[in-house]
Amino acid sequence: MFDSVLVANRGEIARRIIRTVQRMGLRAIAVHSEADADLPFVTEADDAVLLGPAAPAQSYLDVDKVIAAARATGAQAVHPGYGFLAENASFARAVTEAGLVWIGPAPEAIERMGDKINARNMMESAGVPVAAGTREPVGALTEAVRAAERIGYPVMVKTAGGGGGIGMGVAHDEESLGKAFEQASRAAARFGGAQDGESPAILLERYIERARHVEIQILGLADGTVVALGERDCSVQRRHQKVVEESPSPGITGDLRERMLAAAVRAGETVGYRGAGTVECLVDADAQDFVFLEMNTRLQVEHPVTESVTGLDLVEHQIRIAAGEVYALESSPGGHAIEFRVYAEDPKRFLPGPGKIDMWEEPSGEGVRVDSGYVAGNVVTPFYDPLMAKLCVHGATREEALARARTAIAAFKVEGPKNNLPFCAELLDDPEFVSGDYDTGLVSRMRKAR
Amino acid sequence: MAEVRAEMVANVWKIVVAEGDTVEEGDTLVILESMKMEIPVLAEDSGVVAQLKVAEGDVIQEGHLIAVIE
């Protein structure tokens, strides 16, 4: 086992990884931008290196600066967290070439899953069900229109290389396809690495209405075995981005769960996956059927949901697997967990609301876990994503988890930045959410009902 | 005359109109970026862009004057 880990990330996830690294008796090294110098992940680390200005390109996304920080501090391994460089195969290679241990899957696995069109075709060949869609990247609107006519409306339009819902849009006809295509192309150019003048790689897929978004957590062990650690239902979304996740999913039966877990293991085995990964699926709850969406080759934001029901520390397993430790993994999921993402955004329109935190009081108690990136006095800046904290509750049943969530949300006090805690409380009173019979359209229905 | 102000702390990502341009209600004046989200700032009235008080790359605070439409 190596003796130190550099955490190439920020905010709540850097702090959460540092906690496990230190618990394992290893030295935790943080890297940070000028804007983040006062945040807990920097002060709690054993060592911290300033990378540069706030802009991600000059700090968290600068491969050379991160590698230099690792060398300067004598770090032996690098954990990328999620976002930033986590799914950047060149970064994974640069880490390995610098003689450091990369805590993540092989760069080849990142590349094969990172291109969504390639991943979809590969999964189809492996016998994993996929939605009807384009098998080649679509570069021009005329091609997109032809493809949509073949697939049939409504279609989901997304960037082949993007992630996190950025640039995604649903088109119901040729006119809305034009808008969705333009939006996705712009996102591909800005966030997806497409160069100026290069045609953006756009993917079209049959859109399933009233779908649930359910994903399977997998872990590829050092001996090549791939295990599935249950599912997370992520159907509570705004702007195609997750707000609340829970496990088990209230919308799938035992038989569908078995089929999804088996498919996720097959997906991992197809790319020789090592470490923590997530296989995202769309579920047609009425038909109790599913299709593969994409695989995220990293630790997921909502991983605490799985940790709460399995009792496993996924970051610890990522580290042990990266260190080449061979062991059998046993997990016996129990109870029900729900996670709420506490965003710095207004609870009505979900627009960003950064600012200085005047008051920050976290709930505590049985079955309550808070992963936060901030304390009172910190400033939530506009430079990064709006996630301030994740509240994860666990109970013996979904009812108990919901009751604990209501108490915890009411006890969570944040003043300063705008925050979506009132939305979380509203959700916990929403009959559709409480019934468990909801889908990805839930949040927009809640907003239309007003 | 209508003043258009920022609703949040943000970075000015793109200027869409210029001083002197005629705009219709609902036209995009500038696009802000905050927390990895693009936020278009729209004209609430039709008229002429009399003043444009921001430049691309500016970091502006909530309430900051963006433009004046006359």
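What follows is a short chat about a predicted model with chains A and B.

Reader: How many residues of chain A are in contact with chain B?

Author: 10 residues of chain A are in contact with 10 residues of chain B.

Reader: And what classes are on the chain A side?

Author: The side of chain A that touches chain B has seven nonpolar, two polar and one charged residues.

Reader: Switching to chain A. What does the domain assignment give?

Author: Domain 1 is 4–103, domain 2 is 132–206 and domain 3 is 211–448. The centres of domain 2 of chain A and domain 3 of chain A, taken over C-alpha atoms, are separated by 27 Å.

Reader: Helix α7 of chain A, then. Which residues are buried there?

Author: In α7, residues 141–151 of chain A, the buried ones include A:Ala144, A:Ala147 and A:Ala148. They cover an arc of only 100° around the axis, so they sit on the same side of α7(A).

Reader: Why would that spacing line up?

Author: An α-helix has 3.6 residues a turn, so residues three or four places apart point the same way.

Reader: What is on the other side of α7(A)?

Author: A:Thr142, A:Glu149 and A:Arg150 are exposed there. Just after α7(A), A:Gly152 takes a positive phi of about 95°.

Reader: Now the packing. Which residues touch the most other members of the largest nonpolar core?

Author: A:Val5, A:Ala30, A:Val157 and A:Ile202, in a core of 140 residues.

Reader: What is A:Val157 in contact with?

Author: Leaving aside neighbours within four places in sequence, A:Val157 is in contact with A:Met168, A:Gly169, A:Ala171, A:Leu177, A:Ala180, A:Phe181, A:Ala184, A:Ile202 and A:Leu204. Apart from that core lies another, of 17 residues, with B:Ala6, B:Met8, B:Val9 and B:Ile60 among them.

Reader: Where is B:Ala6, and is it buried or exposed?

Author: B:Ala6 lies in the loop between β1 (2–5) and β2 (10–15) of chain B. B:Ala6 has 20 other C-beta atoms within 10 Å, and 20 or more counts as buried, so B:Ala6 is buried.

Reader: What does B:Ala6 touch?

Author: Not counting residues up to four places away in sequence, B:Ala6 touches B:Leu32, B:Ile60, B:Gln61, B:Glu62, B:Gly63, B:His64 and B:Ile66. B:Ala6 and B:Ile66 are 60 residues apart in sequence, but 6.6 Å apart in space, C-alpha to C-alpha.

Reader: Which residues of chain B does the UniProt annotation cover?

Author: The unreviewed UniProt entry has "domain: Lipoyl-binding" over residues 1–70 of chain B. That span is 0% helix and 54% strand, and its end C-alpha atoms lie 4 Å apart.

How values were computed
Residues numbered from 1 in each chain as written. Chains lettered and ligands numbered in written order. Predicted model: local features only at pLDDT ≥ 70, side-chain atom pairs only at ≥ 80, totals over all residues. Contact = placed C-beta atoms within 7 Å. Nonpolar A, V, L, I, M, F, W, Y, C, P; charged D, E, K, R; others polar. Buried ≥ 20, exposed ≤ 12 C-beta atoms within 10 Å, placed from the backbone. Helix = DSSP H or I, 4+ residues; strand = E, 2+ residues; numbered from the N terminus. Arc of directions from axis to C-beta. Core = buried A, V, L, I, M, F, W, Y, C linked by C-beta atoms within 7 Å. Domains from an automatic or database assignment. UniProt positions renumbered as here; feature names shortened; annotations may be inferred.
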